[in-house]
Amino acid sequence: MSQTETKKMTPSRRDFIAGGAAAAAVAAWSAKSYAAIPGANDRVRTAIVGAGDRMKGALIPAFAANQKAMNFEFVAVADLWSRRREEAVAYVEKKAGAKIETCRNTDELYARKDVDAVLIATADFQHAIMGAAAVNAGRDAYVEKPTADRMEDAVLFRNAVHKTGKIVQVGTQRRSTPSYMRAYDYIRSGKFGEINMVEMTWNVNQPGRWRRPDVVPLLKEEDTDWKRYLLNRPYEPFNARKYLEFRLFYPFSSGIPDQWLVHQIDTVHWFTGYPHPRSVVANGGIYQWQDGRTNWDTLTAVFDYGPLDDPKKGFQVLYSSRQTNSAGGVKEIYYSNGGALNMDTQKVTAEGGLTAKSAAEMKMKANLLEDFSLGAVEAVSNEANTGSDPMTVANMRNWMECVRSRKTPNASIEAGYSHSIALCMCIAAMRTGKKVTFDDAKQQVLAGGQPYV
């Protein structure tokens, strides 16, 4: 992305049309259409990298739901922990009907000649490095979110994808969900009006969220490779909790932003075309679950979006999340002067729009949106379960289609790079307490005007 493109931060009408066409194309795909592509009859041999809860609970079932129609199959699994490797063998045979080989690490995996593509669902901080390794080894990859929570890792991965031309799908599955595609088309049509506010929540009441008390005692250092697990994080002695409950501990994850913020902030980038916020501020803490974690159980962050060269235009995103009370559940509500687009109810309404009475006071006309349905409700449940729902199945399908067609997936590396910028800005705001901005020329996060490292 050039500095000029970043400065404008507004896509062309051609991009709008292309986005709608891409959404329509996804819905039209079938086994018959992909069979017409050269090489489509060759089975795509796929390996698993990281056989933890997300892989088993979402990606493997989503893969299994599509494998027959798309002619994909599992052939191997790589995981540092011997127990997970063996459990994966039995799980894949049960869910996908395949007997797979095991590898102790990705070095062993990529030395194999029978692996064309990989699914990656390792610890949060490993995604970008693992993704870069996969494409550099000549494999297409489906890589779970977040793409990266450090800018240097995001740059590494993005550059590797551009250099190799491999097909990479990021695990932000809203981009492959029909209702979100319809919301995208509606907003970009101009009928909604200018977005002036977005409210997002992700609330649960789960003391056990991201805890693994029954599994932690089973992990012994001699059964894994702790130094390899750490990758580019500072060395520290082996800790089974930080290995298995990594979402609770910085710098292995930021917790709420790494896990939940990226899903929702990604839709802001997608719907508006802005590649990152202009600024971020954040506050929060560990208010309830004093269980040794270092990542917050409560977060409120405010993001400012709009053109860099015109501060009079833009909107605010208010993001709040707590693990201590589930009231409010998971919400994404976009507001304009004429009403609201609610991704929880899948409806556009005149709620909050400019009424005739209020408009008349200033000799203006009323501005009230017509009710509009985005279709069947596909919202995430209030328990924030992002398992193998139709959204994940659709995202997996789109990746498989793109592996065959060599087209750009819905959740491309550029989408992953953009959500990584917002994520890194939020983390910097949380850890410094300062207002955070982004230097487009240097692709660098700034906290209080100074480079954040």
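This is a predicted model: local features need pLDDT of at least 70, side-chain atom pairs count only at pLDDT 80 or more; totals for chains, interfaces and linings use all residues.
Local features were taken at pLDDT of at least 70 and side-chain atom pairs at pLDDT 80 or more, whereas totals for chains, interfaces and linings use all residues. Residues are numbered from 1 along each chain as its sequence is written, and side-chain values use heavy atoms, without hydrogens and water.

Helix H9 (residues 178-188) packs against helix H12 (residues 256-272) at an angle of about 45 degrees, with the axes 9 Å apart. Helices are DSSP runs (H or I, at least four residues) numbered from the N terminus; axes are lines fitted to C-alpha atoms over the stretch in contact, and angles run from 0 to 180 degrees between N-to-C directions. H9 is therefore oblique to H12, a class left after angles under 35 degrees (roughly parallel), over 145 (roughly antiparallel) and 65 to 115 (roughly perpendicular) are assigned. Contact (heavy atoms within 4.5 Å) involves Tyr-180, Met-181, Ala-183, Tyr-184, Ile-187 and Arg-188 of H9 and Thr-267, Trp-270, Phe-271 and Thr-272 of H12.

The second largest pocket holds about 830 Å³ of space. A pocket is an open set of points on a 1 Å grid over the protein atoms alone, where a 1.4 Å probe fits, with protein on both sides within 12 Å along at least five of seven lines; lining residues have an atom within 4 Å of a point. The volume is the space filled by probe spheres set on the points, which are joined across faces, edges and corners. Of its 44 lining residues, Arg-54, Ala-121, Thr-122, Phe-246 and Arg-247 are the closest to the centre. H4 gives the most to this lining, with 5 residues.

Conventions
Helices (H or I, at least four residues) and strands (E, at least two) are DSSP runs, numbered from the N terminus.
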